[in-house]
Amino acid sequence: MRHLPSLSALRAFEAVARNGSVTRAAAELHRTHGALSRQLRLLQEHVGAPLFDKVGTGLQLNDAGHALYDLARRAFDELESGYARVLRQARDPGLHVSCSATFAMRWLVPKLERFYRACPEARLRLSMTSARQMRGEDADILIAWDLSAYPAADRERAIRLSGTAFGPVQAPGYKPARGQRVRIAHDYTGRAWEQWQARDRRPMSFARELAFPHTHLCIEAAVAGLGVALVERRLVRRELEEGALVAPRGFVAFDEGMMALPAAGRPLSREGLALVDWLRAALEATEE
């Protein structure tokens, strides 16, 4: 048996503490002022101490109230996000996969037919977003190459899928104005250029920089002759084969490989395990 106050009393308290007003909390919860006041009184009786101090005509949390509010706020936030996850899974129980929009458009989606052929019962739901936003997608599996900004526990759980190789690419006729070469950078993976330069060791200077939020835009900017972009080899294979881009320095392997990060606290489903196996085989098949 749990020794807790009623959930309705806690909900009333959290709303009043967050709004700073019984009246506003009552309007939010569609309850009367008197009903919320009774809930607060019952909660304080359960605690055995007041949670608010009267300040003029209003209420102000005291030390005990602040402590309980911090606890209640975290609990309700977790309950809200968990309930939303349950609803999503109940309404669309497919495997939720999060990855960069560029990886999805240029590599994953064109090859998904092969995965569905191998796993015809699988149902995937893709979230295509920027590198910065991927962690907020609450996906079953996140696919990324740079996990350096993630907590150590996440990096330890990550499953290596394949190696990665990056190189500078540019339009074949790219001629920088007045010899001032432009570096095309990604807003959220700025480490890539530094890592590449440390491995290539041949100086490559730039007069200025253009930044874009998606690798796809960086690639298109390079094709348009705006500068030099640093890209993973798989993502520009078509442009290299068709001659829309050239890689004058070639490509160098990075220590960070392509990784699959399962959601914390949720074991991979049979579909998830099948996808990881397929990704590993498919990525290695396109690794040179």
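User: What makes Trp-193 count as buried in this predicted model?

Analyst: The relative accessible area of Trp-193 is 7%. The limit for a buried residue is under 20%, so a value of 7% places Trp-193 in the buried class.

User: How do you know that Trp-196 is buried or exposed?

Analyst: The relative accessibility of Trp-196 is 0%. Because that value also falls under 20%, Trp-196 counts as buried.

User: Why are Trp-193 and Trp-196 described as separated by about one helical turn?

Analyst: Both residues belong to helix α7 (residues 191-200), and they are 3 residues apart, which means a separation of about one helical turn.

User: What makes the pair of Trp-193 and Trp-196 edge-to-face?

Analyst: The ring centres of Trp-193 and Trp-196 are 5.8 Å apart, and their planes stand at 90 degrees. Since the angle is over 60 degrees and the centres lie within 6.5 Å, the pair is edge-to-face.

User: Which residues are linked into a cluster by ring pairs?

Analyst: The cluster consists of Phe-103, Trp-107, Phe-115, Tyr-116 and Trp-278. Phe-103 and Trp-107 are also among the members of the largest nonpolar core, of 48 residues, that touch the most other members, together with Ile-143, Leu-275 and Leu-279.

User: How do you know that the charged end of Arg-181 sits over the ring of Phe-206?

Analyst: The charged end of Arg-181 is 5.5 Å from the centre of the Phe-206 ring and sits over that ring.

User: Why is α2 called roughly perpendicular to α3?

Analyst: Helix α2 (residues 22-29) and helix α3 (residues 33-47) pack with axes 9 Å apart, at an angle of about 105 degrees. The range for this class is 65 to 115 degrees, so α2 is roughly perpendicular to α3. Residues in the contact include Val-22 and Leu-29 of α2, and Leu-36 and Leu-40 of α3.

User: What makes α5 roughly perpendicular to α8?

Analyst: The axes of α5 and helix α8 (residues 215-223) cross at roughly 70 degrees and come within 7 Å. As 70 degrees also falls in the range 65 to 115, α5 is roughly perpendicular to α8. The contact is made by Thr-102, Met-105 and Arg-106 of α5 with Thr-215, His-216, Ile-219 and Glu-220 of α8.

User: Why is Met-259 called buried, and what does Met-259 touch?

Analyst: Met-259 is in strand β10 (residues 252-262). The relative accessible area of Met-259 is 14%, which is under 20%, so Met-259 is buried. Leaving aside residues up to four places away in sequence, the residues that Met-259 touches include Leu-142, Ile-143, Ala-158 and Leu-161.

Notes: Residues numbered from 1 in each chain as written. Predicted model: local features only at pLDDT ≥ 70, side-chain atom pairs only at ≥ 80, totals over all residues. Heavy atoms only, no water. Phe/Tyr/Trp six-rings, centres within 6.5 Å; stacked < 30°, edge-to-face > 60°. Helix = DSSP H or I, 4+ residues; strand = E, 2+ residues; numbered from the N terminus. Buried < 20%, exposed > 50% of the residue type's maximum accessible area, 1.4 Å probe, protein only. Lys NZ or Arg CZ within 6 Å of the ring centre and 35° of its normal. Core = buried A, V, L, I, M, F, W, Y, C linked by side-chain atoms within 4.5 Å. Axes fitted to C-alpha atoms, helices over the stretch in contact; angles between N-to-C directions. Parallel < 35°, antiparallel > 145°, perpendicular 65-115°, else oblique. Contact = heavy atoms within 4.5 Å.
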